[in-house]
Amino acid sequence: MREIGISKEPIELYNILKFEGVASSGGEAKSIIGNGQVLVNGLVETRKRKKIVSGDIIEMMGEKFKISLK
């Protein structure tokens, strides 16, 4: 599991995917989320602007990311 440090919370889900390079752009991130390919804390998440906070776990394409506040 990879850890992602954020400097402020909450942060929108699509921004995490974009900034971490999981998606090449914000549009691609929104498409991936909208297609139900992302899980947040074990549940399918289709809200692109879902607020993510420290402690959340994001899963996508077999990868897991734990969010922590830096």
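**Close-up views of a predicted model**

View 1. T46 lies in the loop that links β4 (43–44) to β5 (51–52); helices (H or I, at least four residues) and strands (E, at least two) are DSSP runs, numbered from the N terminus. The structure is a predicted model, in which local features need pLDDT of at least 70 and side-chain atom pairs count only at pLDDT 80 or more, whereas totals for chains, interfaces and linings use all residues. Residues are numbered from 1 along each chain as its sequence is written, and side-chain values use heavy atoms, with hydrogens and water left out. With a relative accessible area of 42%, T46 is partly exposed (buried means under 20%, exposed over 50%, partly exposed in between; 1.4 Å probe, protein chains only). Leaving aside residues up to four places away in sequence, T46 touches I33, G34 and G36 (contact means heavy atoms within 4.5 Å). The C-alpha atoms of T46 and I33 are separated by 5.1 Å, although the two residues are 13 apart along the chain.

**View 2. The buried face of helix α2.** In α2 (residues 26–34), the buried residues are G26, A29, I32 and I33. Seen down the helix axis, these residues fall within an arc of 125 degrees and so line one face of α2; the arc is that of the directions from the helix axis to the C-beta atoms. They pack against α1 (13–19), β3 (38–40) and β6 (57–60). G36 follows α2 and has a positive phi, near 75 degrees.

**View 3. Strand β6 and its two partners.** β3 and β6 pair in the antiparallel sense over three bridges (two strands pair if DSSP finds at least two bridges between them). V38 stands opposite M60, and L39 has E59 as its bridge partner. β6 also runs antiparallel to β7 (residues 63–69), to which four bridges join it; here I58 stands opposite F65. Two residues lie between the strands of this β6–β7 hairpin, in which M61 takes a positive phi near 50 degrees.

**View 4. Strand order in the open sheet.** Five strands form an open sheet in the order β1-β7-β6-β3-β4, with mixed pairing. β1 (2–6) and β4 stand at the edges with a single partner strand each, so one side of each is left without a neighbour in the sheet.
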